[in-house]
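Hi everyone, thanks for making time this morning. Let me put the model up on the screen, and then I'll walk you through a few places in it.

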Amino acid sequence: MKTIITYGTFDLLHIGHINMLERLRALGDRLIVGVSTDEFNSIKGKNSLYSYADRAKIVGALRCVDEVIPENDWQQKCTDIEKYSVDIFGIGADWQGKFDDLMSHCEVVYLPRTPSISTTNLKKILSKIDDTSIKKIKQGLDGVLDIVKALE
């Protein structure tokens with residue numbers, strides 16, 4: 001059995017996230033996703049639209065994801081690789097070279113990003129929209145979260 005692990009914030013889940021997670025899952029038998037906690041995001045200077053609990057629930061509802069764990073700090077990756085008997089650590093190519101130190105623990109793969117989509121760009125676009133439009137978009141995203149909850 002081949003186990004793959006990845007990490008991310010997964011705020012404003014989009015097709016780029018889905019593509020990456022599906023490609024990672026195709027590399028083996030089990031995909032574990034570390035979702036950054038709100039506290040860790042704060043340390044990284046990130047502010048998520050959704051809480052850790054909601055983001056973890058959304059990611060965990062995907063067919064390609066077998067398990068979700070909290071990502072609490074940068075250092076836990078080596079411990080997680082050992083704890084979960086990970087064979088492959090995978091992450092987006094925008095992190096190329098940043099996790100090469102993990103190669104002594106498992107195979108490391110950097111996957112190409114889906115062109116023309118990123119959470120950062122989505123947030124920039126959203127920042128230019130007025131408050132009424134943002135509320136409508138959030139209602140739509142809340143609707144997605146309601147669907148995920150109903151599927152449980």
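How much space lies in the second largest pocket? About 180 Å³. Before I go on, a word on the source: this is a predicted model, where local features need pLDDT of at least 70, side-chain atom pairs count only at pLDDT 80 or more, and totals for chains, interfaces and linings use all residues. Residues are numbered from 1 along each chain as its sequence is written, and side-chain values use heavy atoms, with hydrogens and water left out.

You'll want the pocket criteria. On a 1 Å grid over the protein atoms alone, a pocket is an open set of points where a 1.4 Å probe fits, with protein on both sides within 12 Å along at least five of seven lines, and a lining residue has an atom within 4 Å of a point. Points are joined across faces, edges and corners, and the volume is the space filled by probe spheres set on them.

So who lines this pocket? Among the lining residues are Phe10, Asp11, Tyr50, Arg55, Ile58 and Val148. By class, the lining has 10 nonpolar residues, no polar ones and two charged ones; here Ala, Val, Leu, Ile, Met, Phe, Trp, Tyr, Cys and Pro are nonpolar, Asp, Glu, Lys and Arg are charged, and the others, Gly among them, are polar. Helix H3 (52-60) and helix H6 (131-150) each supply at least two lining residues, and the largest share, three residues, comes from H6. Helices here are DSSP runs of H or I with at least four residues, strands are runs of E with at least two, and both are numbered from the N terminus.

Let's stay with two of those lining residues. Arg55 sits in helix H3. Is Arg55 buried or exposed? Buried, with a relative accessible area of 1%; buried means under 20%, exposed over 50%, and partly exposed in between, using a 1.4 Å probe and protein chains only. Phe10 lies in the loop between S1 and H1 and is buried too, at 5%. Its phi is near 55°, a positive value in a residue other than glycine.

Of its 18 residues, Phe10, Leu21, Leu24, Leu31, Val33 and Val65 touch the most other members. H1, strand S2 (30-36), H3 and S5 each give two or more residues to this core, and H1 gives the most, with four. Val33 is in strand S2 and counts as buried at 0% relative accessibility.

Now for S5, residues 107-111. Because four of its five residues are buried, this strand is largely enclosed by the rest of the structure. Five bridges join S5 to strand S4 (residues 88-92), and the two run parallel; strands pair if DSSP finds at least two bridges between them. One of the bridge pairs is Phe89 with Val108 in S5.

His14 falls between strand S1 (3-8) and helix H1 (15-25), and is buried at 11%. Ser85, in the loop between helix H4 (76-83) and S4, is exposed at 53%. Ser85 also has a positive phi of about 50°, although it is not a glycine.

Note on methods
Core = buried A, V, L, I, M, F, W, Y, C linked by side-chain atoms within 4.5 Å.
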